[in-house]
Every structure is written in C-alpha cells, then in structure tokens.
Amino acid sequence: MPQAVQHDIAVVDNDLCDSCGLCMPLCPPEAIHMTRRGLVVDATTCTGCEKCIAPCPVGALAMTDARR
Amino acid sequence: MRAVDVLVVGAGPAGCVAAWEAAAAGAGDVLLIERDRAIGAPVRCAEGVGSAGLREFLNPDGADWVSRRISRVILIAPDDTQVALAPGDVGYVLDRTRFEPVLAEEAARAGATIRISTEAVGIERADGAGGGRWRVRLRGPGGEETVGARVVIGADGVETMIGRWAGLETRVAARDMESCAQYVVGNIAFDPDAIYLHFGPTVAPGGYAWIFPKGVGVANVGLGVVTLRGDGRTVRQYLDDYIARHFPGGTVIGLTVGGVISGVTVKRTVADGVILAGDAAHMINPLSGGGIVNAMKAGRLAGRHAARAIREGDTSARNLQAYHDEWMRLLGDAHQKYYRLKETINKFDDAFLNGLARTANRIPDEKRSLGRVIGSALVHHPSLLPIAAQLFL
Ligand SMILES: Cc1cc2nc3c(=O)[nH]c(=O)nc-3n(C[C@H](O)[C@H](O)[C@H](O)COP(=O)(O)OP(=O)(O)OC[C@H]3O[C@@H](n4cnc5c(N)ncnc54)[C@H](O)[C@@H]3O)c2cc1C
Ligand code: SF4
Ligand code: SF4
C-alpha cells in the first residue's frame, strides 16, 4: 500500500480499456477523465467508492489493492 | 482568437444534425468538432432505427448506409420460446460508419465547418468579450487553440465534459446504466429480415440481448446489463456465455462496448450559451435503449434554438430554456412514462416471461402485433393490469 493515499483508489488498465466513456458519468466526484490518449482516473479526487468498477464492460477498472 | 457563432462538440448523430440545422437556420459561423479520427467510427452501437423516425432526416431507400431493411421483430423468452410479431415496415440496421459521414456532409453543405481529430479540452466563460459567451480550448493535430463561441452545443455523448464544465448535472445512478458489449458475428443462422430481442433476468438482467442483422449470416449480437442486478460477471463474460450457448459455431469479427443511459432526460439541458443534446443529456428511450433518432431529433431542436437565440441577441439560459421545454413535449415526458414501465418489467422473473410468451403465441401469426400481445397478456395475467395502467399515466 502506498503511504501517500489514505484509501484505495480506482486504476484503469489501458490495455483493456476501450475508451467507451461509460464509467465517467457514474463517478460521483467526476474523477474520471477522457483524453485523446486514453482514460485517466484523478487520484486526488477519487474517493474509492467503487461505483465505476463492476459496470465496466471489459473489467478494465480495479481498486489499487485488487491489482496484484 | 478565432470566434464562431455556434461550436458543436461531438460528431455523432446529435452533433451532425445540430450543426446541419444551425447552419441551415442561419446561425452564422458553425464549427463541428470530433475527437476521433473518423466520423462514424468506432461504432458503439447495434445500429437499429425505426423507419418513421429515420425518414424525418434521410431517405433510406437504396442508400449505401443501410446494412439491412427489417420487416420482422422476434421476441425471445428466457426459455428460448420465440414470439414473432406480425411483419411490417419495422426499420433498418444502419452502417454507422457510412451514416454519420452522410449527416456530416449535409452539415457541410448547409455551411458548417467540420474538424476531425479535434478535442474540446476545456471551456471558460468569456461574457461579453468578442461577442462570445465561452472560450473553448481545442486540441488537434496542429496543437492547442482557443475558439470563442456564442453558443456551445454539447453533443459529446455519455461521457459529456461540456455538461460538467457548464455546471449541469449529468451524472448517472448505477441502476440507470446499462453496460453493453457486442460482437459482430459471422457464419450464423437466423432470419436476416428480423431483429431479435431476448429477455430475462438470467439472459441480461435489467436489459436484453439482441441480434441485429448486418447481412445474411452476419449480425450484431450483443447485450446490455445493469450490473447492479447482475451476478458479478462482466458484461463481456455475459456475452461470451450467450454466444457459447446460442452461436457456438459463429465467427467473432469485432467487439464493441459502451454504456446506454436508461434513465430520463437530465433536469437542466441548458446553461448560459450551452445546450446539451443526445446521450449527453440522457435523451435515450429508457425502455428500448434506442438513442440514434432521439439524438437526431434533439440535435435538430438544438440547432434551431441556437440559431434563434443568436438572431435574438440573447443566448442566456433563460432564452435557451425553450429548447428544453420543446424536447420535453416532444419526447422527454414520454421517456418518464417508459421509465416507470421499465422499472415494473424489471421485476418479472424467467417463469413469468416464459408464460407470457406461450400466451402470446396463441394469437394467430398475422394478428400478433405488440398491442395484441399486450392485450392477451392482460387477459391471461391479470397481475399485469397495474402495468398497463402505467402506460396511460
Ligand atoms: C452497445 C450499444 C448499442 C446501441 N444500440 C442502439 C441501437 O440499436 N439503436 C439506437 O437507436 N441506439 C443504440 N444505442 C444508443 C446510441 O448509440 C446512442 O444513443 C447515440 O449514438 C447517441 O448519439 P449522440 O450523438 O448523442 O452521441 P455519440 O454517438 O456518442 O457521439 C458523441 C461524439 O462526441 C465525441 N466527443 C466526445 N467528447 C468530445 C470532446 N471533448 N471533443 C470532441 N469530440 C468529443 C465522441 O467521440 C463521439 O463521436 C446503442 C448504444 C450502445 C452502447
Ligand atoms: S467503462 Fe471501462 S472500457 Fe469504458 S471507458 Fe471506463 S474503463 Fe474504459
Ligand atoms: S472509485 Fe468511485 S470515486 Fe473513484 S473513480 Fe471510481 S467511481 Fe470515481
């Protein structure tokens, strides 16, 4: 666990992500952004609520500790 | 700094028609931008449209942007019982890689300028200065540029940033988001003149599975799931299981994923100098998940009201509110009714839907319209009466 972050945050696997944008309006603090180079989760505003995780059609989102 | 009268962000059906209509209505300098490298691609859609709605905009007869003309609808119950509705002029399965370019060409012919590979990356208020209400930062192949705009039309899809930046509430509750996955599948057997809709909480909880023909033996096969109602599988896993069960010999040629917002229109679709249209404003039929024609109809209203507001010299939210009101009268209010109906249908279990299908199949083939199926369902399943009542509320 990284010490700087108090809670788990969502991370995107850009190899899986298809940039469909589905997860963006689901995020309460609007922490997910789309750029021409791919999807970005803003680590400073993500509250770790996990609302974006299950709806991703391809499972490209995971919480930080669930990755390994 | 370049200044335009109307900046349309996103060249999907909503944005293309908005730019087309704004230019045709004399809005002045209209610029349509699209982040992707090609208008119409990638396709995140099953591409089905109803005949009447489509014909309000373009004539599909003999058009090369039509993949397939559809004359039949086949509903499938969870136990695979098929209910074929009586044939008619149902609609079309489009080729959206060709369809949206045609809409964009119409916009260009009406006088709009179009730029691809160009993304809106931020907006800020510029009240008064240079006549525009907004300064919009664009990023494209030539680097960054700021453009002034009197009206910004946010036609930027489910992920709308224009809505966020303008302070409009465009977030979606998990229960109103259908996660979709779709394969283009070849070498499969089905009726190429029919669309199939497969229902049931075990097939696709909160949504349905579809087979929309692209040609003989080739179809868009996909499903939409409200994952809150699901069993933990990703939607792609739902689809893989569906294909394995129903089309084990099929050849998968393409995958697409996306979100269908099956809620109702956002409360505020306008802000000072901003109009949202299409998926950006959640203008999708919550029962069918269809959004193409809705987006075009909203785009047409958006373009028209942008032109009107500019002509009147007042692009305030108060003056643009007429757009919102007109949309609600046209379709927004009906979507609220469909939404309540969908909530009820979501409560049906597999056994109930299977029974419904058997009842419906007692109606003679040529008389089996959707109205009659509902009518007979009511006679044989009195518990449905409260739902029927909702249709007329
Ligand atoms: C799997 C699936 C199946 C579907 N099947 C059907 C169907 O069969 N029939 C039907 O009617 N509807 C269907 N829909 C819904 C339909 O696809 C949408 O309702 C429709 O595309 C909405 O059109 P739009 O113009 O509002 O948005 P979109 O078509 O999403 O267009 C938005 C555009 O804006 C661009 N954009 C976004 N942000 C920016 C930015 N910052 N700068 C520049 N450009 C930007 C995007 O690249 C995109 O091209 C389906 C949806 C999905 C996901
Ligand atoms: S929902 Fe999944 S695939 Fe779609 S943009 Fe978000 S992370 Fe990417
Ligand atoms: S975990 Fe919650 S806050 Fe973080 S990106 Fe996902 S939806 Fe947003």
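Which residue has a polar side-chain atom 2.6 Å from an oxygen atom of ligand 1? Select B:Glu34: that atom is on its side chain.

This is a predicted model, in which local features need pLDDT of at least 70, side-chain atom pairs count only at pLDDT 80 or more, and totals for chains, interfaces and linings use all residues. Residues are numbered from 1 along each chain as written, chains are lettered from A and ligands numbered from 1 in written order, and side-chain values use heavy atoms, without hydrogens or water.

**Around the ligand**

Stay on ligand 1. Pick B:Arg35 next: a polar atom of its backbone is 3.1 Å from a ligand nitrogen. Then go to B:Ile292, where a polar backbone atom sits 2.9 Å from a ligand oxygen. Show the surface now: the protein covers 90% of the 1,000 Å² of accessible area (Shrake-Rupley method, 1.4 Å probe) that ligand 1 has on its own.

Color the shell by residue class. It holds 12 nonpolar, 11 polar and 10 charged residues; Gly counts as polar here. Select S16(B), a strand (a DSSP E run of at least two residues). S16(B) gives the most to the shell, three residues.

**The whole chain**

Zoom out to chain B. Its secondary structure comes to 10 helices (DSSP H or I runs of at least four residues) and 18 strands. The radius of gyration, over C-alpha atoms, is 22 Å, close to the 21 Å of the globule rule (2.2 Å times the number of residues to the power 0.38) for 393 residues, so chain B is as compact as a globular protein of that length. Along its principal axes, the C-alpha trace spans about 65 × 45 × 40 Å.

Terms used
A polar contact is a pair of N or O atoms within 3.5 Å; within protein, one must be able to donate a hydrogen and the other to accept it, and residues adjacent in sequence count only if both atoms are side-chain atoms.
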